[in-house]
Amino acid sequence: MLAVSSDLAYVEDAFTWARDRALAWVQTGDGNLPSYWAGYPSRPMFYSRDVCHQAAGAHLLGLDAENFAMFRHFARSATPARKWFPIWAFHFDGRIAALDYHSDEHFVREIPAVFDLTYRALEQYDWTGDRRWIDDPDLAAYYRHSAGEFVAAHDGDGDGIPEAGGTADIFLGTATYNEREAPLLVAGDGLATQYAVLRKLGRHAEAGKIQATYDGWWNGDHFARGITKDGLDFDWGLESHTLVPLFGLSGSGERNERFLDYLEEQMEAHPPLNIESFSYWPEFLFDHGRVESAWRWTKHLIDSRDDYPEISFTVVEHLVAGLLGLRPDAPNATLTVTPHLPAEIGNLIVDNLPIGGWTLRIQQEGRRSTEVTVHSGPGLLTVIVGSETHSLAPGRTVRVVHPKDLS
């Protein structure tokens with residue numbers, strides 16, 4: 001089982017709580033699909049948005065069968081009658097959750113979820129190397145439909161970007177995960193998830209058009225959260241802003257840094273009312289090198305001890321993949337590790353880490369050195385740490401000392 005130890009007892013306590021709480025949400029067996037709770041504790045269901053965001057933590061905890069079964073169940077639900085939207089929520093036995101579904105014309109649907117399911121499913125292929133994630137007929141068809149038929153069915157102006165109805169009724173469909181912004185026709189998180197999927201599928205020319213569109217949303221200080229019937233809307237947008245750097249749409253360089261500054265200011269001044277919205281923040285802050293801020297918001301999630309399932313699953317992800325800066329590529333037998341320890345943590349050890357068929361131990365000493373041990377696996381694993389690349393056979397260890405400017 002995945003294990004975490006550190007010189008900071010707070011980290012160990014947080015991991016133990018998050019691991020145990022996440023595993024307690026598993027619902028597999030007794031007539032249920034392989035599944036885990038993914039939604040409000042008062043609703044015995046799994047929701048598409050939540051499953052997408054819990055999947056990485058679930059993999060780290062060994063819940064690959066549950067991830068696969070739930071993603072495939074969503075994939076199967078996206079039909080022509082539903083205009084290629086997947087069902088929003090299911091009960092653990094696979095039944096559609098009537099709370100969020102009235103008919104094929106009237107059910108909760110949010111554009112980012114369509115692309116998020118594809119992106120996160122393919123991300124599971126990166127973590128596991130399990131070819132079912134690309135060869136399964138239902139999943140493979142869903143990937144095609146999400147980037148093809150779905151877009152065509154909802155692209156009223158022919159620009160390659162699906163639009164929502166611009167109403168406040170989530171049963172008629174919204175452009176964003178932030179349901180308080182329902183009147184948006186196009187939202188930043190919908191655009192960012194579509195962009196990420198196109199890149200994941202190798203459709204770089206189409207992704208470039210999305211990028212060019214978003215570049216036009218800049219006002220000199222920050223990007224718009226989306227488009228309303230009156231034009232670009234530059235108000236603070238929560239997910240319609242924060243998911244943009246998470247999926248890479250804001251790029252890199254000076255403008256991205258100014259945008260991240262804006263996001264951090266707004267996150268402090270106008271935090272969300274719902275705890276699950278916070279759970280994205282460490283992910284994109286770690287990704288963009290804002291380590292202390294990422295750790296500040298990780299601790300916010302930890303200290304909440306909130307019983308929303310997404311919190312425990314994402315805390316596991318942040319404490320492992322976030323702090324170590326893991327980028328798996330199991331199909332190509334490769335793992336990239338980037339030091340992300342904040343000043344408060346002197347060392348972090350993650351053991352029994354699953355990457356494809358390999359099991360690893362990673363020891364991080366501040367930002368000074370990284371030691372990787374391959375316990376077992378099907379062959380050589382390429383490990384990229386900083387500027388160094390090493391091929392490790394099972395039973396081998398490498399220690400990389402980082403330049404002084406990383407300390």
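Student: Taking helices (H or I, at least four residues) and strands (E, at least two) as DSSP runs, numbered from the N terminus, where is Pro339 found?

Tutor: Pro339 is found in the loop between strand S10 (334–337) and S11, the latter covering residues 347–355. This is a predicted model, in which local features need pLDDT of at least 70 and side-chain atom pairs count only at pLDDT 80 or more, while totals for chains, interfaces and linings use all residues. Residues are numbered from 1 along each chain as its sequence is written, and side-chain values use heavy atoms, with hydrogens and water left out.

Student: OK, is Pro339 buried or exposed?

Tutor: Pro339 is buried, because its relative accessible area is 5%, and buried means under 20%, exposed over 50% and partly exposed in between, with a 1.4 Å probe and protein chains only.

Student: And which residues does Pro339 touch?

Tutor: Counting a contact as heavy atoms within 4.5 Å, and leaving out residues up to four places away in sequence, Pro339 touches Leu323, Leu324, Gln364, Arg367, Thr370 and His402. Gly356, on the other hand, is 17 residues from Pro339 along the chain, and their C-alpha atoms are separated by 21 Å.

Student: Let me step back to the whole chain. How many helices and strands are there?

Tutor: The protein chain has 15 helices and 16 strands, and its C-alpha trace spans about 55 × 55 × 40 Å along the principal axes.

Student: How many of the residues are buried, as a percentage?

Tutor: Buried residues make up 58% of the 407 residues. Among contacts between residues at least 6 apart in sequence, 60% join residues at least 24 apart.

Student: What about the surface, which atoms supply 49% of it?

Tutor: The chain exposes about 15,300 Å², and carbon and sulfur atoms supply 49% of that area, with areas from the Shrake-Rupley method with a 1.4 Å probe and, for residues, only the protein chains shown counting as cover.

Student: Which residues of H1 are buried, and what do they pack against?

Tutor: The buried residues are Val11, Ala14, Phe15, Trp17, Ala18, Arg19 and Ala22, and they pack against strand S1 (3–6), helix H14 (291–304), H15 and strand S11 (347–355).

Student: You mentioned H15; where does Thr314 come in?

Tutor: Thr314 is found in helix H15 (residues 309–324), where it is buried with a relative accessible area of 0%. Not counting residues up to four places away in sequence, Thr314 touches His53, Ser279 and Leu301.

Student: And the loop between H14 and H15, what is the phi of Arg305 there?

Tutor: Arg305 lies in that loop, and its phi is near 45°, a positive value in a residue other than glycine. Arg305 is partly exposed, with a relative accessible area of 38%. Trp84 has a positive phi as well, of about 70°, although it is not a glycine. Trp84 is found in the loop between helix H3 (64–77) and strand S3 (89–91), and is buried with a relative accessible area of 17%.

Student: Last one: where does Phe223 lie?

Tutor: Phe223 lies in the loop between helix H9 (204–215) and strand S7 (226–228), and is buried with a relative accessible area of 1%. Apart from neighbours within four places in sequence, its contacts include Trp217, Trp218, Phe234, His241 and Phe259. Arg144 is 79 residues from Phe223 in sequence and 29 Å away in space, C-alpha to C-alpha.
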